[in-house]
Amino acid sequence: MRNAAGLMLATVVSAIAIAGLWFWTSSPRADLPPPQTVGAAQAERLTADASAKAAREDVEVTAAIPDKPPVSPAKTTCANPNALGVSRVVEIDTTGGPGFGFEHFKQLDFLADKEVVLTFDDGPWPVNTPAVLKALADECTKGLFFPIGKHAGYHPEILKQVAAAGHTIGAHTWSHANLNSKKLNEQQAKDEVEKGFSAVKLALGAAPSPFFRFPELQHNPATVAYLGTRNIAIFSCDLDSFDYKKGSTAEKVVQTVMTKVDKLGKGIILMHDFQKHTAEALPELLRRLKAGGYKVVQIKAKAPMQTLAEYDEAILKDTKLPVASTRPVTSVVQTVTE
Ligand SMILES: [Zn+2]
C-alpha cells in the first residue's frame with residue numbers, strides 16, 4: 001500500500017512538473033516583442049528613407065504597376081550625374097486599343113511641354129541595337145521598342161538585353177508587312193499582328209506589353225478595329241527621324257529630330273534601333289535633348305500582352321523541326337571499316 005501511494009504521489013508530482021514546463025514554454029512572453037515585427041518608429045524611418053531615395057532618383061511614378069518584373073539594378077543606379085534620365089513613368093491602360101501619336105491619333109494628348117518619348121523600331125539587330133542600348137544606359141534613360149517578330153527569332157539574346165535594361169517592349173508584326181497593302185487580306189493582317197507578338201514573347205520568355213506599331217505607319221482600318229478588340233494600344237508618332245531614308249547620316253538624324261521637336265515642343269519620336277545611323281546619332285541626340293531642356297517619359301503597360309495559344313504554338317513549330325527518329329546513334333551509325 002505504501003508503495004502504491006508513493007507511486008501515485010510521484011505520478012502527480014511529474015504531471016504538475018510537465019504542465020508547468022508546457023505553460024512556461026508556450027505562454028506568450030509579455031517581456032519580449034514578437035519576432036520579425038518592425039516597430040512603428042522603424043517603419044516610419046524606412047518609409048522616409050524610401051521617399052528620400054525616390055526623390056533623389058527624380059522619377060515620378062504616376063500609377064502603380066501590377067505584375068511588373070523585378071526592378072533591374074540599371075534602373076536604380078546611374079553613374080552619370082548629368083544624365084538625361086527619366087522624368088516620369090506613365091502607365092497605359094490598353095483596354096479598347098487606344099491610339100497615340102499625333103501623326104494619326106489626336107485624341108489622347110498626355111505629354112506636357114518639353115516631354116518626349118523615345119521609340120525604336122525594327123530590331124533586335126546585332127551591333128546597332130546594343131549600341132542604342134549603350135547610349136540609353138549612358139544617359140540613364142528608357143525607350144519603347146517595337147521589334148519585328150522574325151528579327152526577335154533571329155536574335156533573342158539581343159531582345160533579352162533590351163528587356164534586362166528595363167526598356168518597354170511591344171511588337172511590330174511578324175515580317176514587317178504593310179498591313180494596308182491590297183496583297184494582304186484581313187486574316188493575313190491579323191496573323192501578322194498575332195505572330196509578331198507571339199514571336200517576341202517566345203524570344204523574351206515573357207509576355208511583352210500590348211503595344212503595337214504598324215509597319216511604315218500604314219494603318220489599315222480593319223486591323224485598327226481588330227487591335228481594339230484585342231486591347232492592344234497603337235503607337236504612331238509625333239515626329240519621324242527619317243533615319244531609314246537613303247542618304248541618311250548620324251548628323252542628319254540629329255538635325256531632323258531636333259528641328260522637329262523644337263517646332264512641336266514635345267512628342268513621340270520615331271527611330272530605328274535597326275539603323276546604323278540611329279545608333280551612331282543617339283549619344284549626340286540625347287545630349288542635345290538634355291541641353292534643350294527636354295525630359296524623357298517612360299511608357300509602361302498596366303497589364304502584359306495576352307497572346308493567343310494557337311499563334312504561340314505556330315511560332316514554336318516554326319522554330320523547331322519535328323524529330324523523325326528517336327533511334328540511338330549506335331543503331332543508326334555503324335563503323336564498317338577501320
Ligand atoms: Zn518598321
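Which residues is Leu111 in contact with, leaving aside its neighbours within four places in sequence? They are Arg88, Val117, Asp238, Lys266, Gly267, Ile268 and Val297, where contact means heavy atoms within 4.5 Å. The legends below begin with the whole chain and return to this residue.

**Figure 1. Overview of the predicted model.** This is a predicted model, in which local features need pLDDT of at least 70 and side-chain atom pairs count only at pLDDT 80 or more, while totals for chains, interfaces and linings use all residues. Residues are numbered from 1 along each chain as its sequence is written, and side-chain values use heavy atoms, with hydrogens and water left out. The protein has 12 helices and 11 strands; these are DSSP runs numbered from the N terminus, helices being H or I with at least four residues and strands E with at least two. Of its 338 residues, 41% count as buried. Here buried means under 20% relative accessible area, exposed over 50%, and partly exposed in between, with a 1.4 Å probe and protein chains only. Of the contacts between residues at least 6 apart in sequence, 80% join residues at least 24 apart.

**Figure 2. Confidence along the chain.** The average pLDDT of the protein is 83, and 76% of the residues score at least 70; pLDDT is the predictor's confidence in each residue, from 0 to 100. Over residues 11–68 the pLDDT is below 50, and this stretch has 27 contacts in the model beyond near neighbours in sequence. Residues 70–74 also stay under 50, with five contacts beyond four places in sequence. Where pLDDT is low, the predicted coordinates should not be read in detail.

**Figure 3. The zinc site.** Asp122 (OD), His172 (NE2) and His176 (NE2) are the protein donors of the zinc ion, at 2.0 to 2.1 Å from it. Donors are N, O and S atoms within 2.8 Å of the metal (3.2 Å for Na, K and Ca); water is not among the atoms, so sites may look incomplete. The spacing of the donor residues in sequence is D-x49-H-x3-H. Asp122 counts as buried because its relative accessibility is 9%, whereas His176, at 24%, counts as partly exposed.

**Figure 4. The loop between strand 4 and helix 4.** Gly123 and Pro124 are joined by a cis peptide bond with omega about -5°, and Pro124 lies in this loop. Val127 belongs to the loop as well. Its phi is near 65°, a positive value in a residue other than glycine. With 64% relative accessibility, Val127 counts as exposed.

**Figure 5. Helix 6 against helix 7.** Helix 6 (residues 156–164) packs on helix 7 at an angle of about 85°, with the axes 8 Å apart. Axes are lines fitted to C-alpha atoms, for helices over the stretch in contact, and angles run from 0 to 180 degrees between N-to-C directions. Helix 6 is therefore roughly perpendicular to helix 7, as angles of 65 to 115 degrees count as roughly perpendicular, under 35 as roughly parallel, over 145 as roughly antiparallel and the rest as oblique. Pro156, Leu159, Lys160 and Ala163 of helix 6 make the contact with Val200, Ala203 and Leu204 of helix 7. Six of these residues are nonpolar, none is polar and one is charged. Nonpolar covers Ala, Val, Leu, Ile, Met, Phe, Trp, Tyr, Cys and Pro, charged covers Asp, Glu, Lys and Arg, and the others, Gly among them, count as polar.

**Figure 6. Helix 7 against helix 11.** The axes of helix 7 and helix 11 (residues 309–319) come within 8 Å and cross at roughly 70°, so helix 7 is roughly perpendicular to helix 11. Residues on the helix 7 side include Gln187, Asp191 and Glu194, and those on the helix 11 side include Tyr311, Asp312 and Ile315. This contact divides into five nonpolar, three polar and six charged residues.

Figure 7. Leu111 is placed in the loop between strand 3 (99–100) and strand 4. The residue is buried, with a relative accessible area of 8%. Leu111 and Val296 are 185 residues apart along the chain, and their C-alpha atoms are separated by 10.0 Å.
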